[in-house]
Amino acid sequence: MTGSSKGEQRIATSLLWTIVLVVHIFCSLSSASRKEGQEQDVWRRQTLEELRHALSVARLQNKNLARNIILFIGDGMGISTVTASSPCMTSYESDTHVSDLITGLSTGIVTTSRVTHATPAAAYASTPQREWEGDVNMLSDEDAQNCSHVDDIAKQLIRNNSDIKVILGGGRRYFLDNSTEDPETHIVSPYHRQDGNNLIEEWKEDKEARNATYSYVWTRDQLMNLSSDTEFLLGLFNPSHMDFDRVANNEPSLAEMTEKAIEVLRKDQEGYFLLVEGARIDFGHHSNSAYTAITETLDFNEAVEVAARLTDPEDTLIIVTADHSHAFNIQGYSSKGNDIL
């Protein structure tokens, strides 16, 4: 075979393999295109179904004016935390909602942190520093010297918000003066007030001056035996944040505090606003304890169950949300259509 013939053969062979490769690529692309088209059809159908459902729900909306609003905040309760807790949780889905909010309502605050902590304090206090929970925190902060016109958060709660009808949580140390022992620990904490003011006694005196029926409690037993005619309720169940194992330490669960708060607030025929924070979910995450975060989420869920049981969706708006999430990873591959919650 001549050199020219061999060259022509190599060219022919190269052209043949090029044609085979092109055909293979074309077939592969055609197959991928068909598969992609099928995937797109799936998502189109699912989107249309979701839109039809949303339109049907919109037609059934409750247009009543909300008389009562309960805002549940799970501190640090992101989607991954809810997902990890969901096997033991009750699921709620509502196709109706109460539109509009009204002001001038009786107010309550429930939390498992100190009642002067960031989230509850945001409901009633104004301060440039979230750590100024008590006067002792301000005395040790040089920045506070330039803010002499700002009261600590505990003082703002008692003196500037005397109409709040329910306050339940921890943080007793910022309300007791430095000559009064804590009723549980029987010591005077360095965190007790240095200004000599006993804010718990001030709260009582204010209610007496109004001739109002009030109760101050600091144990679970006291709360569970609350007088049915209580108009104002202050409960401080721990010198600092409430315990994780609350009931075992004679502290009420979040669900029990929520129930008592609603029992007091619903006496007002004009309606009420109740803030309920599951604060210790966040603490579980900060401690890198998945168990704690999950059990605190379950406690939070029980509180939502109580609120749903004690209220009527015709006049009560219940909002369940979180202020932020945490790095709580869930690994693996989920199937198509798997609910993210």
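Analyst: Leaving out residues up to four places away in sequence, H117 touches R130, E133, H241 and F283, where a contact means heavy atoms within 4.5 Å. The model is predicted, with local features requiring pLDDT of at least 70 and side-chain atom pairs counted only at pLDDT 80 or more, whereas totals for chains, interfaces and linings use all residues. Numbering runs from 1 along each chain as its sequence is written, and side-chain values rest on heavy atoms, without hydrogens or water.

H117 is found in the loop between β2 (106–114) and α3; helices (H or I, at least four residues) and strands (E, at least two) are DSSP runs numbered from the N terminus. With a relative accessibility of 14%, H117 counts as buried, a class that means under 20% relative accessible area, against over 50% for exposed and partly exposed in between (1.4 Å probe, protein chains only). An unreviewed UniProt entry lists H117, T119 and E277 under "binding site". Although they span 161 residues in sequence, no two of their C-alpha atoms are more than 10.6 Å apart, so they gather at one spot. UniProt positions follow the numbering used here with shortened feature names, and such annotations may be inferred rather than shown by experiment.

E277 lies in strand β6 (residues 272–278) and is buried, at a relative accessible area of 1%. Beyond four places in sequence, the residues that E277 touches include T119 and P120, V110, T111, T112 and S113, and also I73, D75 and L254. D282 itself, in helix α9 (residues 280–286), counts as buried at 9% relative accessibility. The UniProt record (unreviewed entry) also places "binding site" at D282, H286, D323 and H324. H286 is likewise found in helix α9, yet H286 is exposed, with a relative accessible area of 59%.

The helix α3 leads on to another element, α5. Six of the eight residues of α5 (residues 153–160) are buried, so this helix is largely enclosed by the rest of the structure. The buried residues are I153, A154, K155, Q156, L157 and I158, and they pack against α3 (118–121), β3 (166–170) and α6 (199–209).

The axes of α5 and α6 come within 10 Å and cross at roughly 10°, where axes are lines fitted to C-alpha atoms, for helices over the stretch in contact, and angles run from 0 to 180 degrees between N-to-C directions. The two helices, α5 and α6, are therefore roughly parallel to each other, the term for angles under 35 degrees, with over 145 roughly antiparallel, 65 to 115 roughly perpendicular and the rest oblique. On the α5 side A154, K155, I158 and R159 meet L199, E202 and W203 of α6.
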